[in-house]
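Have the coordinates open while you read.

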Amino acid sequence: MNVTTGPKVDRERLWNMLSEMGDIGKNGAGRTRLALSAEDLEARRLLVRWMKELGLDVRMDACANIWGVRNGRDATERPVVMGSHIDTVRDAGMFDGVMGVLSGLAAIRAMNEANVETRRPVAVVSFTDEEGGHFLSGGLAGSRLMAGAVDLETLRSKRNAQGKSWVDALNESGFLGKDRLEPHAYLEYHIEQGPVLVDEGIQIGVVQGVVGLSWLRVAFRGEANHAGAFPMNRRHDAGLAAARAIVELNRLAFELGEGTVITPGQLAQHPNFPNIVPGEAVLTVDIRQFDPDLLERGIARLKDVVREAGECEGVATEIETLSRTQHAAFPKEMVSLVEGKAKDLGYSTRRMPSGAGHDAQIVSTLCPAAMIFVPSKDGRSHCPEEYTSPEDVGNGADVLLHCALDLARAPKALRENGI
Ligand SMILES: [Zn+2]
């Protein structure tokens with residue numbers, strides 16, 4: 001199909017839908033729709049209404065993920081799926097996640113209005129609890145459950161601030177179902193959440209995959225002593241060792257380069273008292289890198305840097321790995337598809353990894369996946385200032401539409417095409 005003369009999304013309508021859903025959970029400049037909260041459920045009801053208005057077959061699965069399916073000619077084929085999430089962090093913007101879901105609906109509306117028939121079904125999915133902050137579920141819960149990367153038992157112990165368990169909230173949501181859908185391919189359209197596209201003046205980010213990451217907890221164990229009576233040259237200051245490690249880890253990230261990011265995000269000192277030399281300091285470190293070899297090297301160097309910082313201050317170190325997520329590289333044919341459609345539509349493109357986690361990295365273990373990024377103003381997200389212009393929102397939605405059309409119409413299975 002010629003993309004320039006083919007169907008296009010109704011940009012104004014898409015923007016109005018974003019605004020309408022963005023009003024749910026609104027409080028001041030931001031909105032809060034924590035997973036499985038009353039606000040999230042209200043947004044889900046609106047999503048289902050919109051899916052039905054488009055004539056989609058609405059289905060729910062055992063993780064309360066919501067699917068809207070547009071039939072294809074061949075009922076035996078698996079659907080080409082466009083999706084993301086509609087839950088938010090606290091005081092969120094109106095684009096993260098929700099833009100990908102509503103653009104999927106806009107793409108289907110464009111297909112309906114152009115009377116397009118596809119061989120495969122085309123579906124939109126909204127995954128449950130992508131953000132993970134409400135129940136400290138670790139995020140990506142709906143997609144991880146679907147892919148078998150986590151089980152319900154593990155989530156049973158996850159509770160929100162009111163003591164309600166994740167599983168109870170899921171059971172009471174009214175969105176549980178028995179359908180099981182297996183995507184033929186998955187497309188996730190999302191804001192970049194960083195400053196690269198804006199800084200370089202690029203319209204469409206072609207996502208090569210999602211970075212691998214590791215979280216480590218480092219404990220420095222020194223000696224608590226009197227802040228006045230104990231001399232400087234005899235101290236084993238755990239806080240100082242942690243401070244030294246923080247500075248050296250920052251240097252290490254620049255030395256490793258290639259987009260490596262290292263963040264010592266959390267620091268707790270004990271006894272954390274004005275006139276006591278800190279006897280213990282516990283630091284969490286988040287390291288991310290797309291290249292798996294470089295990430296491995298980075299983690300090894302990180303541990304050396306931490307130990308050296310401890311030795312410098314005569315402080316013992318203990319390093320514990322809290323989590324390790326492998327990088328997800330999207331198939332090159334899927335990456336080329338996004339890039340090709342964006343270029344055909346006349347947009348400037350740039351290949352880039354995603355530094356943030358997304359459902360696509362989980363779904364990519366089930367089927368070929370790809371992601372499309374558009375610019376985030378000032379690189380901001382997870383805050384009320386999060387903003388992407390109506391033009392950029394529309395550009396990415398058109399790329400999404402044409403990628404989905406291609407995949408849904410292709411006569412062969414992706415696998416036969418070498419994907
Ligand atoms: Zn998101």
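The protein chain is split by the domain assignment (bounds taken from an automatic or database assignment) into domain 1, made of 11-210 + 327-417, and domain 2, covering 212-324. Their C-alpha centres sit 36 Å apart. For the contact, domain 1 supplies 10 residues and domain 2 supplies 4 residues, where contact means heavy atoms within 4.5 Å.

A bit of housekeeping: the model is predicted, so local features need pLDDT of at least 70 and side-chain atom pairs count only at pLDDT 80 or more, while totals for chains, interfaces and linings use all residues. Residues are numbered from 1 along each chain as its sequence is written, and side-chain values use heavy atoms, with hydrogens and water left out.

Now the helix pairs. Helices (H or I, at least four residues) and strands (E, at least two) are DSSP runs numbered from the N terminus. Axes are lines fitted to C-alpha atoms, for helices over the stretch in contact, and angles run from 0 to 180 degrees between N-to-C directions.

| Helix pair | Axis distance | Angle |
|---|---|---|
| Helix 2 (residues 38-53) and helix 3 (residues 98-113) | within 10 Å | roughly 15° |
| Helix 1 (residues 11-22) and helix 3 | 10 Å | about 140° |
| Helix 10 (residues 332-344) and helix 12 (residues 390-409) | 9 Å | about 125° |

Start with helix 2 and helix 3, whose axes cross at roughly 15°. That makes helix 2 roughly parallel to helix 3; angles under 35 degrees count as roughly parallel, over 145 as roughly antiparallel, 65 to 115 as roughly perpendicular and the rest as oblique. The crossing of helix 2 over helix 3 is left-handed: a crossing gets that label if the near helix is turned anticlockwise from the far one by less than a right angle, and is right-handed if clockwise. Who touches whom here? On the helix 2 side you'll find Leu47, Trp50 and Met51, and they meet Val101, Leu102 and Leu105 of helix 3. By class, this contact between helix 2 and helix 3 has 6 nonpolar, no polar and no charged residues. For the classes, Ala, Val, Leu, Ile, Met, Phe, Trp, Tyr, Cys and Pro count as nonpolar, Asp, Glu, Lys and Arg as charged, and the others, Gly among them, as polar.

Helix 3 also packs against helix 1, at an angle of about 140°. Helix 1 and helix 3 are therefore oblique to each other, and helix 1 passes helix 3 in a right-handed crossing. From helix 1 come Arg13, Leu14, Met17, Leu18 and Met21; they meet Val98, Met99, Leu102, Ser103, Leu105, Ala106 and Arg109 of helix 3. The class count for helix 1 with helix 3 is 9 nonpolar, 1 polar and 2 charged residues.

Helix 10 brings Met334, Leu337, Val338, Lys341 and Ala342 to the contact, and helix 12 brings Val399, His402, Cys403, Asp406 and Leu407. Those residues divide into 7 nonpolar, 1 polar and 2 charged.

An open sheet of 4 strands runs in the order 11-13-9-14 with antiparallel pairing; two strands pair if DSSP finds at least two bridges between them. Strand 11 (261-270) and strand 14 (316-325) are the edges, each pairing on one side only. Ignoring direction, neighbouring strands of this sheet are turned by 15° against each other on average. Inside it, strand 9 (residues 212-221) is joined to antiparallel strand 13 (residues 280-289) by 10 bridges, and alanine 219 stands opposite valine 282 in strand 13.

Two helices lie across these strands. Helix 8 (residues 238-256) covers strand 9, strand 11 and strand 13, at about 175° to strand 11. Helix 9 (residues 292-312) lies across strand 9, strand 13 and strand 14, at about 160° to strand 14.

Most residues other than glycine have a negative phi, and most peptide bonds are trans. Histidine 270 and proline 271, however, are joined by a cis peptide bond with omega about 0°, and proline 271 belongs to the loop between strand 11 and strand 12 (276-277). Glutamine 193 has a positive phi of about 70° without being a glycine; look for glutamine 193 in the loop between strand 7 (185-191) and helix 7 (196-200).
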